[in-house]
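Subject: Structure handover

Hello,

Here is the structure I promised to pass on. My notes follow below it.

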Amino acid sequence: MKRICMALAALALLLAPMQASAQDKLVVSVWGGSWRDMVDNLIGKKFTAATGVPVEYITGGTIDRLNKEKLAKGNPESDITFTTSHVGWLYANDGLYEQLNLAKVPNAKNLVAQARISPYHIGTWAYVYTIGYRPDLIKGVPFASWADLWRPEVKGKLAAPDFDPSHLIVVAALLSGGDAATWEKGQAKLKELKPSFKAFYTNDANSQQLIANGETPVQVILSMNAHYMAGEGVPIELVIPKEGAVLGIDTVAIMKGSKKAELAYKFINVALDPQVQAEVAKFKKGSPVVLDAKLDPAIAKLPGVFTSAEQWNKQAIIIDHKLRAEKTAEWRKWFAENIMN
Amino acid sequence: MTSRPFLRAFVAPATLCALAFVAALAAVMQYSLRAYVPGSLEPGGFTLANFAALLKPLYARVFLDTVWICFLTALFTLIIGYPLAYALVHARNVALKSVILVIAVTPLFLGEVVRTYSWIVVLGNNGFLNSMLLKAGLIGAPVQFMFTEFGVVTALVHVTLPVMVIMLAAALSHIDRDYERGAHIRGAGADARRRRPTRKNRTALRCRACRRSRSCACWVGSP
């Protein structure tokens, strides 16, 4: 009996530090693969060096993580969540986010206006969906305007995402004198684009494969993917049409009910550090969201990388993020029924 | 009547799992009967509108397309898989058997994504097939194989072929080779030898010499 008690006491002593250290870590929810690696290498490690608190990651798809956090409402699995700007509104609308006090994030003072998404979530980096094409496979089309996608030379050559048609829906609405809220004005225009489509890609890898092997030499493509393929030697031209490119912003927020809110604010502050922002831009070829980030000139001149307020204001088509959260399901249904069939 | 004193105890875990599974399905199914509220993760009240939307002709057409592609896939998988399975079962050389087995099941070793991308390399406009046809001068411009019914059925046949071959081989291996030899001795042609002994639940094959005699010892096939 004595031996059992001593063994139990020894076990308790061993477990106690493990329990304490488990409580000290910061849990971050983010996409997997290179996204997780980037957040860990550029933000997480700096945060740990500054605070001594390790970072643990929960990875998964955008909607998968949303569903898991909804089920865990009140007792969140993560302290911080990275997600897209409009999906962030779904979190916020369901009361899953803490309201942010940006006074606790000194680096947010230079946050660009377009990255202040809501009282609950702010941008961390940005990108655009725009026209990318293979100049070696399609010639004589400058793609100076979104309207060039409707040209006969593009027939049977275009690919667009099947998971989010919001870019083309809003572009068609703009070309028809409407906007995201009056998107129905662009329906006829979008139906006229149907002959141009050859395929709809299901994910980033699929998009890269289709344009790299020339199956779809014109795409509505994520700028980061285009720059990545160009770096791999694929001859891709990325253009910002005169109407602008459709902006996408990835955001960060603190989960409601997190017991590490103070640490979370420090993590966000590290994420918005101008040097970290410059490194993120270099790694992913996206836009920093703070105006005091100093980018490598070669990165700054890339299409879709915005470094000044003027670029943000003139080159970006911004779909209201809250409206986009409300409309995405309806847009996907209409697009699948009328364009993808 | 034998007693089964442990039946309830042994069945209880499986029953509990089944009940939990049904409960989970019901929890998801109820969303289909509730209204979508834009921008919210919570569904609205009871509605049949979600099912009414399925009555659009578009969804019937999509369903029929699915059935048609499934039919074509099953048909072509059977046509290609049967000879493979037959060769696998009847090959005498062990090395040859192994080669046929490996070739037949290799598609299962690949992940779905890798397998799909590899078909782009074969069927794409700049892929192997078009390149060969262009070089041979049989076509003047690439033929569209990707994103067509042909391309979809080809890829589906590729992925279902291993299952078909293994199932057919398992069935063929249970047929006594003596039936085939008996049919051959009695004069049945090669095609009849292959076809008739392998049909399940058909009446016995009568040998040519004993066509009118049911007591003939050369009756073959399943009863």
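Two residues are in contact if their C-beta atoms, placed from the backbone, lie within 7 Å. With that in hand, take chain B: among its contacts between residues at least 6 apart in sequence, 42% join residues at least 24 apart.

Please keep in mind that this is a predicted model. It scores ipTM 0.71 and pTM 0.81.

Chain B

Chain B has nine helices and zero strands. Its pattern along the sequence therefore reads α-α-α-α-α-α-α-α-α. Buried residues account for 14% of its 223 residues. The chain is divided into domain 1 (20-55), domain 2 (56-174) and domain 3 (177-223). Between domain 1 of chain B and domain 2 of chain B, the C-alpha centres are 37 Å apart.

One residue to look at is Ile103(B), in helix α4 (residues 94-105) of chain B. Is Ile103(B) buried or partly exposed? It counts as partly exposed, because it has 14 C-beta neighbours inside 10 Å; a buried residue would need 20 or more.

Now the confidence. Chain B has a mean pLDDT of 83, and 83% of its residues reach 70 or more. Helix α3 (residues 57-90) of chain B has the highest confidence in the chain, at a mean of 95. The lowest is in helix α9 (residues 190-195) of chain B, at 59. Over residues 200-223 of chain B, pLDDT stays under 50. The model has 38 contacts beyond four places in sequence for that stretch. Where pLDDT is low, the predicted coordinates should not be read in detail.

The cores

The largest nonpolar core holds 98 residues. Which of them touch the most other members? They are Val170(A), Val246(A) and Phe267(A). Strand β4 (residues 121-133) of chain A gives the largest share, eight residues. Domain 1 (26-126 + 249-312) and domain 2 (127-247 + 320-338) of chain A both contribute residues, so the core lies between them.

Beyond its neighbours within four places in sequence, its contacts are Val128(A), Tyr129(A), Thr130(A), His167(A), Val170(A), Val171(A), Ile317(A) and Ile319(A).

Two of those contacts, His167(A) and Val170(A), are among the buried residues of α5(A). Helix α5 (residues 166-175) of chain A is mostly covered, with nine of its ten residues buried. Others in that buried set include Leu168(A), Ile169(A) and Leu174(A). After α5(A) comes Gly177(A), with a positive phi near 85 degrees.

Helix α2 of chain A

Helix α2 (residues 34-51) of chain A has 18 residues. It reaches 24 Å from its first C-alpha to its last, close to the 26 Å expected at 1.5 Å a residue. Where is the kink in α2(A) centred? It is centred on Asp40(A), at about 40 degrees.

The buried residues of α2(A) are Val39(A), Leu42(A), Ile43(A), Gly44(A) and Phe47(A). They pack against β1 (26-30), β2 (55-59), β3 (80-84), α9 (261-271) and α10 (274-284) of chain A. An α-helix has 3.6 residues a turn, so residues three or four places apart point the same way. Just after α2(A), Gly52(A) takes a positive phi of about 80 degrees.

Best wishes

Conventions. Residues are numbered from 1 along each chain as its sequence is written. Chains are lettered from A and ligands numbered from 1 in the order in which they are written. This is a predicted model: local features need pLDDT of at least 70, side-chain atom pairs count only at pLDDT 80 or more; totals for chains, interfaces and linings use all residues. pLDDT is the predictor's confidence in each residue, from 0 to 100. Helices (H or I, at least four residues) and strands (E, at least two) are DSSP runs, numbered from the N terminus. A nonpolar core is a set of buried Ala, Val, Leu, Ile, Met, Phe, Trp, Tyr and Cys residues joined through C-beta atoms within 7 Å. A residue is buried if 20 or more other C-beta atoms lie within 10 Å of its own, exposed if 12 or fewer, and partly exposed in between; C-beta atoms are placed from the backbone. Domain bounds come from an automatic or database domain assignment. The expected span of a helix is 1.5 Å times one less than its number of residues. The bend at a residue is the angle between axes fitted to the seven residues ending there and the seven starting there.
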